[in-house]
Protein chains: 2
Amino acid sequence: MPQGRVLTVPDDGLSTRQRRNRPLLVVHTGEMKGKSTAAFGTALRAWNQGWSIGVFQFVKSAKWKVGEEEAFKALHRVHVETGAGGPVEWHKMGEGWSWARKKGTEEDHAAAAAEGWAEIRRRLAAEAHDLYVLDEFTYPMKWGWVDVAEVVSVLTSRPGRQHVIITGREAAPELIEAADLVMETRKIKHPMDAGQKGQRGIEW
Amino acid sequence: MPQGRVLTVPDDGLSTRQRRNRPLLVVHTGEMKGKSTAAFGTALRAWNQGWSIGVFQFVKSAKWKVGEEEAFKALHRVHVETGAGGPVEWHKMGEGWSWARKKGTEEDHAAAAAEGWAEIRRRLAAEAHDLYVLDEFTYPMKWGWVDVAEVVSVLTSRPGRQHVIITGREAAPELIEAADLVMETRKIKHPMDAGQKGQRGIEW
């Protein structure tokens, strides 16, 4: 964890407190596992602050990553029932976005990704959440399913105090340029190298 | 996320299933934020599998990282009340370990760290948990508060199917050598570089 001393004090007319509370655009990229799990670990902190959290998973299969989804649904129910923490909305492309009338098919991932981004754009304009997790969103950007320049433009001009975390490999250079914080996960060692496949409770 | 094809199939006499379910020793190291949050993100998956989780935070201050602690305490209560997920125990060095009779003072961090490790060793021998998160445990190792060779020996000979995740900077080479999976977080960009300090909901 970085200690509390900053390297430079910018001449931006902001107080330390104002600067501290600026909303962040965060990117978790790199080849190794840890990108999504670190985003959801951060979301635990946001939950404890009572923030509204919106998770949008751009994954193809509805079966992926159910562990963190179930845990956050439980935390959402804790919020509703006791008032502790914050509300959590969880949306997955793989099963068709929950707000969409038509459920996705194998063939229209590009359309589904564009629809997901359109919804996120609407929510950003409405300041719907305090923290957005756009999980695996680098891939729709990479594959041209959404326009990188438009995404970056919407993200950098978002109103209010909305934090956004984007995860996935091969983040676009324009996204990295626009981000406040970019963390890369690097592999030093992986069990797959020794012939061991992923297992429940660890990988999902 | 690594895809399901392994690079080598070891001649270890194990079936794919046996090999898949081998317990992992995982290290999250590196200079950048994401080490602890990724460990707690993984713990969400373990919780959803109904695993018993033991968290041991080797932090000096009892005030650090309350966000994830509160969230997992809520998930533990969900488990107790509804049977969903698994039980979570959370112990912090900074406020004196919960099982210790004497509360820690500023002066005896080394003794407190050794006492924490002794308890973890007892629990590993008793197969008390399915997943252990030893948060910031690289520092007691680095500072000589626990013996690196003994720690590695105990971890590599632990019985049963107990997963262990250790986080912190500057992991000992012997620990990395012994680990099955080592993830390093690398900084590409941090708001501190632009004069912005850490903020609630993101850093704690």
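Trainee: Why is the meeting of R45(B) and E68(A) called a salt bridge?
Mentor: This is a predicted model, and in it the side chains of R45(B) and E68(A) come to 2.9 Å, N to O. The cut-off is 4 Å between a side-chain nitrogen of Lys or Arg and a carboxyl oxygen of Asp or Glu. The 2.9 Å of this pair is within that cut-off, so the name applies.

Trainee: How many salt bridges does the rule find across the interface of chain B and chain A?
Mentor: The rule finds 4. Polar contacts between chain B and chain A come to 26 residue pairs, both residues at pLDDT 80 or more.

Trainee: Which elements of chain B supply at least two residues each to the side that touches chain A?
Mentor: They are α1 (16–20), α2 (35–48), α3 (66–82), α7 (173–178) and β6 (181–189). α2(B) gives the most, with 11 residues. By class, that side of chain B has 32 nonpolar, 21 polar and 22 charged residues.

Trainee: How many residues are in contact between chain B and chain A?
Mentor: 75 residues of chain B contact 75 residues of chain A. Together the two chains bury about 7000 Å², 59% of it on carbon and sulfur atoms.

Trainee: What makes L44(B) one of the residues that F72(A) touches?
Mentor: Contact needs heavy atoms within 4.5 Å, so L44(B) and F72(A) have heavy atoms within that cut-off. F72(A) also touches residues of chain A, including F40(A), V88(A) and W90(A).

Trainee: Which residues have the most contacts inside the largest nonpolar core?
Mentor: F72(A) and F72(B) do, in a core of 52 residues.

Key: Residues are numbered from 1 along each chain as its sequence is written. Chains are lettered from A and ligands numbered from 1 in the order in which they are written. This is a predicted model: local features need pLDDT of at least 70, side-chain atom pairs count only at pLDDT 80 or more; totals for chains, interfaces and linings use all residues. Side-chain values use heavy atoms; hydrogens and water are left out. A nonpolar core is a set of buried Ala, Val, Leu, Ile, Met, Phe, Trp, Tyr and Cys residues joined through side-chain atoms within 4.5 Å. Buried means under 20% relative accessible area, exposed over 50%, partly exposed in between (1.4 Å probe, protein chains only). Buried area is the accessible area (1.4 Å probe) that two parts lose on being put together, summed over both. A polar contact is a pair of N or O atoms within 3.5 Å; within protein, one must be able to donate a hydrogen and the other to accept it, and residues adjacent in sequence count only if both atoms are side-chain atoms. Helices (H or I, at least four residues) and strands (E, at least two) are DSSP runs, numbered from the N terminus. Ala, Val, Leu, Ile, Met, Phe, Trp, Tyr, Cys and Pro count as nonpolar, Asp, Glu, Lys and Arg as charged, and the others, Gly among them, as polar. Lists of a residue's contacts leave out its neighbours within four places in sequence.
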